[in-house]
Amino acid sequence: MRDAKSSATSRRNLLLGTAAAGALFAAGCTSNENNDSDGSSKPAANTSDDKPGKEVTIGFAGPQADHGWLNAINEQAKRRAKEYQDVTLEATEGSNDTAQQIGQIETLINKKVDVLVILPADGKALTQVGLKAMRAGIPVVNLDRVFASPQAYRCWIGGDNYGMGLNAGHYIGEQLKDKKNAKVLELAGIDNLELTRQRTKGFDDALKNYPNIEKVGRQAAEFTVESGQAKMAQLLQAHSGFDALWNHDDDQGVGAERAIKQAGRDDFLMVGGAGAKHAMDAIKADNTVLKATVLYPPTMAASAIDLARALGQGKGVGGLAELEIPASLTLYSAVVTKDNVDQYLPTGFS
């Protein structure tokens, strides 16, 4: 699963919502075309009439698409690149084996691509190959899972795990602020991942603003349907009454919803995480306990291609005064509810 910087680092980064980021890129580093593509998630908006510029070859290396979000990342990058007449994308076969991914990136370096976009299977393990690319004069856009050294990339772009938890907690808090002795549960992801710890910290910090709410239970799943179902069943068995649940990941949420349905429970509200299409469909239908999901937008891959193109052509980002692109961009974790789901449905992933 995805990983990102600590909350302290995230707070220092430039915070951009997906809509704001799209507006900035559209103004200064987007394509001359705007093609629609069918599939599980649509590309981020790209409406500029910018003329084709210098030809740029972008190397793209990501992990194996063994999760809906990762598959959407790959699709977003490939679709965005196709929108540009002046971009050639050299994409590797995704791999979760660090040695194999390092070899794939070294191949791209030897091909002398103009820019690299890398979502590492393991940021720490792939830091050296990022450094190798930068030393070879190939700028690197580090996507989401951060390298151990900022010298290994020119620009980092990714999601805000702490912000996910924070926004989930504030949404639940606002729904329950008038309820006395409200109780909430948390269905987390893999506990040994920093991203999971950051999401939990954000959630806990948000709940501190609501003295009437207590988190009474937590289980850690594994970002899979099966683990979500098993861990949710345990939570339901241990807690006969509660008011809200935050589930870190919409894929494991499929299993959680199965357990909830099997238990015949509908006496609480549920908030998901990441922004899967099935979750947004359920939110729109408004006929289950799932009332919201907090985004971890895979559109960041499309924006990474925008940034790579800008680097290759020596551009900055439209809407900003600086001549160079920023060193880091942290995307905002919007809360999708019935009120705004139509706006976000095109980016939902399967």
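Which residues is Val141 in contact with, leaving aside its neighbours within four places in sequence? The legends below begin with that residue. The structure is a predicted model, in which local features need pLDDT of at least 70 and side-chain atom pairs count only at pLDDT 80 or more, while totals for chains, interfaces and linings use all residues. Residues are numbered from 1 along each chain as its sequence is written, and side-chain values use heavy atoms, with hydrogens and water left out.

**View 1. Surroundings of Val141 and the largest nonpolar core.** Apart from neighbours within four places in sequence, Val141 is in contact (heavy atoms within 4.5 Å) with Val115, Leu116, Val117, Ile118, Cys155, Ile157, Ala304, Leu307, Ala308 and Leu311. The largest nonpolar core has 52 residues, of which Val117, Val141, Leu143, Ile172 and Val271 touch the most other members. Helix α11 (residues 300-313) supplies the largest share of this core, eight residues. Another core, of 25 residues, lies apart from it and includes Phe242, Leu245, Ala256 and Val341. A nonpolar core is a set of buried Ala, Val, Leu, Ile, Met, Phe, Trp, Tyr and Cys residues joined through side-chain atoms within 4.5 Å. Buried means under 20% relative accessible area, exposed over 50%, and partly exposed in between, with a 1.4 Å probe and protein chains only. In soluble globular proteins, nonpolar side chains tend to be buried together. Buried residues make up 57% of the 350 residues in the protein.

View 2. Helices (H or I, at least four residues) and strands (E, at least two) are DSSP runs, numbered from the N terminus; the protein has 12 helices and 13 strands. Strands β4 and β5 run parallel and are joined by three bridges; two strands pair if DSSP finds at least two bridges between them. Ile118 stands opposite Asn142 in β5.

**View 3. Two non-glycine residues with positive phi.** Most residues other than glycine have a negative phi. Lys112, in the loop between α4 and β4 (115-118), has a positive phi of about 60° although it is not a glycine. Asp144, in the loop between β5 (140-143) and β6 (155-158), likewise has a positive phi, of about 65°. Lys112 counts as exposed, at 67% relative accessibility, whereas Asp144 is buried, with a relative accessible area of 0%.

View 4. Strand β9 (residues 244-247) pairs with strand β10 (residues 269-274) in the parallel sense over three bridges, and Ala244 stands opposite Leu269 in β10. Axes are lines fitted to C-alpha atoms, for helices over the stretch in contact, and angles run from 0 to 180 degrees between N-to-C directions.

**View 5. Packing of helices α4 and α5.** The axes of α4 (residues 98-110) and α5 (residues 127-135) come within 10 Å and cross at roughly 5°. The two helices are therefore roughly parallel to each other, a term that applies to angles under 35 degrees. Ile102, Ile105, Glu106 and Ile109 in α4 meet Val129, Lys132 and Ala133 in α5. By class, this contact has five nonpolar, no polar and two charged residues. Ala, Val, Leu, Ile, Met, Phe, Trp, Tyr, Cys and Pro count as nonpolar, Asp, Glu, Lys and Arg as charged, and the others, Gly among them, as polar.

View 6. Arg218 lies in strand β8 and is partly exposed, with a relative accessible area of 30%. Not counting residues up to four places away in sequence, Arg218 touches Glu186, Ala188, Asp191, Thr196, Thr200 and Leu235. Arg218 and Trp246 are 28 residues apart in sequence and 9.5 Å apart in space, C-alpha to C-alpha.

**View 7. Surroundings of Gln64.** Gln64 lies in the loop between β2 (56-61) and α3 (68-82) and counts as partly exposed, at 41% relative accessibility. Its C-alpha atom is separated by 5.5 Å from that of Asn96, 32 residues apart along the chain. Gln64 touches Leu70, Gly94, Ser95 and Asn96, not counting residues up to four places away in sequence.

Methods
Parallel < 35°, antiparallel > 145°, perpendicular 65-115°, else oblique.
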